[in-house]
Amino acid sequence: MNIQKPLKSVSVIAAALLMIAGANKLSKAETTLGMTDATLPATQISADLHESDGMETESKSDWWKAEITDYDSSLSLISYELIPETTQTTASTESTATTTETTTTAVTTASQETEEASSEASAEPSQVSYEAGSGPVETPEQQTIETASPSSGEFAFTTYGWGHGVGLSQNGANAYATYSGWSYQDILFHYYQGTYLMNTGTTDGEIVSVNGETMDVLDAVAGIVYREVGGGMHEEAIKAQAVAVYTYIKFYGNDSHDLLCKPNPPQNVIDICRSVLGEALYYDGDFALTMFSASSGGYSANCYDVFSQDVPYLRSVYCEYDSVCDPHYATVTYMTADEVRSCIEADYGIKLSDNPENWFAPYVGDSGYIYNVIIDGQIDVRGNDLRACLGLKSPKFDIAYAQ
């Protein structure tokens, strides 16, 4: 069975056209999960399992993800560095290039550029040998889960995880390395099942684009990794993140797409990124789309359930530590009916009925994330869009309302 590569948004079609077009052979493995149940002393709005039936709407967000830097260090097992919005720029770097030695200023000639481009294009990826982790290390302490308890006339939205939940969970990767002794390869093959690891052989002098600026590939990967997970995670988790970042850049034709750098990464981050630089995940002969988010809802999300794109290596997998260690697992957000009404009517241009119990009819995808929601019997929206509308942390959530 063959499918085309997953469609991307209009903003990235130009970059996607530069990638090699082809059909991916699938080995479709379905994973069926139930929606997480929360014991609520109020009316629970049911979310029935929804089979794919072509009910899709356009997403208002692109490949949206929450960043690990949004974690508060007082809540997490890891001390994540918080980033002010003003620092979300690319790191100032000096591009690395091979030049001929002259008696005057060394420059890269047009012929050298052509030679380097030709060399990169002809580089043959090489297989990366597999190195397994050491095995179980210790068992983390189970965290206390909050139970939603809305007051009269109030909604309670219980979210599981932070971000879209597709692909690698940064919190989960760190926990697998810390508690299960997994290597970075164990982590990558768990979250991107069916992929394989190759070294591109192109990183010597490789230049990539980050936020419109050209950068040396090591500077770019280290800056992005530093922004995504900081420098305090387990080394194997940082390695996994570095490989995911580099692969993501290669998938988008040497462009970081929506990933940004944090300036001045510490030496440990630079060294860790250098140790795996050039290693990328492939699927069926091409670069994989290595999406990631801060944490999942105990299971990673099936890409189709969040973005309506069927990507064979972005299927739901078990993430046991996210339900144990993640401080954003089972986060309860309370909103009055008037607050919810205001958000829905403003975003979707409809007028809700007088009974809040009729406002939401959610359908759950195979991975337990809300695929779509019928709002007040009037419109059908994607679960991830409703998450954005209500300002929730994850498209995996329960809804409860108290009369």
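A: **Cysteines, charged pairs and strands**

Cys389 is buried, with a relative accessibility of 10%; the term buried stands for under 20% relative accessible area, exposed for over 50%, and partly exposed for what falls in between (1.4 Å probe, protein chains only). Cys303 is also buried, at a relative accessible area of 0%. The model is predicted, so local features need pLDDT of at least 70 and side-chain atom pairs count only at pLDDT 80 or more, whereas totals for chains, interfaces and linings use all residues. Residues are numbered from 1 along each chain as its sequence is written, and side-chain values use heavy atoms, with hydrogens and water left out.

A disulfide is taken as a pair of cysteine sulfur atoms within 2.5 Å. By that rule the count is zero disulfides. Cys389 is accordingly in no disulfide, and the nearest cysteine sulfur, belonging to Cys343, lies 5.3 Å away.

The charged pairs come next. A salt bridge requires a side-chain nitrogen of Lys or Arg within 4 Å of a carboxyl oxygen of Asp or Glu, and the count by this rule is six salt bridges. One of them joins Glu206 to Lys250, with 2.6 Å between the closest N and O atoms. Glu206 sits in the loop between S8 and strand S9 (207–210) and Lys250 in helix H6, so this pair ties together parts that are 44 residues apart in sequence. Helices (H or I, at least four residues) and strands (E, at least two) are DSSP runs, numbered from the N terminus. Both partners are covered: Glu206 is buried at 1% relative accessibility, and Lys250 is buried at a relative accessible area of 7%.

Helix H6 also holds a pair within itself. Lys239 and Glu235 form a salt bridge with an N to O distance of 3.8 Å; both residues lie in helix H6, four residues apart, about one turn of the helix. Lys239 is buried, with a relative accessible area of 14%, while Glu235 is partly exposed at 41% relative accessibility. Glu236 joins Glu235 and Lys239 in a network of salt bridges.

Gly230 is in the loop that connects helix H5 (217–229) to helix H6 (235–251). Gly230 is buried at a relative accessible area of 1%. Its C-alpha atom is 8.9 Å from that of Pro266, which is 36 residues apart from Gly230 along the chain.

A further pair is found in helix H7 (residues 267–276), where Asp271 and Arg274 are three residues apart, separated by about one helical turn. Their side chains meet in a salt bridge of 3.0 Å, N to O. Asp271 is partly exposed, with a relative accessible area of 36%, and Arg274 is partly exposed at 45%.

Now the strands. Two strands pair if DSSP finds at least two bridges between them. Four strands make up an open sheet in the order S5-S8-S11-S12, with antiparallel pairing. At the edges are strand S5 (126–127) and strand S12 (286–287), each of which pairs on one side only. S5 pairs with strand S8 (residues 196–199) in the antiparallel sense over two bridges, and Gln127 has Met198 in S8 as its bridge partner. Helix H4 (residues 184–191) lies across S8 and strand S11 (279–283), running at about 125 degrees to S8. Contact here means heavy atoms within 4.5 Å; axes are lines fitted to C-alpha atoms, for helices over the stretch in contact, and angles run from 0 to 180 degrees between N-to-C directions.

Another set of pairings is arranged around strand S16 (residues 370–375), which is mostly covered, five of its six residues being buried. Strand S15 (residues 360–364) pairs with S16 in the antiparallel sense over five bridges, and Val364 stands opposite Ile370 in S16. The two strands form a hairpin with five residues between them, and Gly368 in the turn has a positive phi of about 90 degrees. S16 is also joined by four bridges to strand S17 (residues 379–382), and these two run antiparallel. There, Ile374 has Asp380 in S17 as its bridge partner. S16 and S17 form a hairpin as well, with three residues between them; Asp376 in that turn has a positive phi of about 55 degrees.
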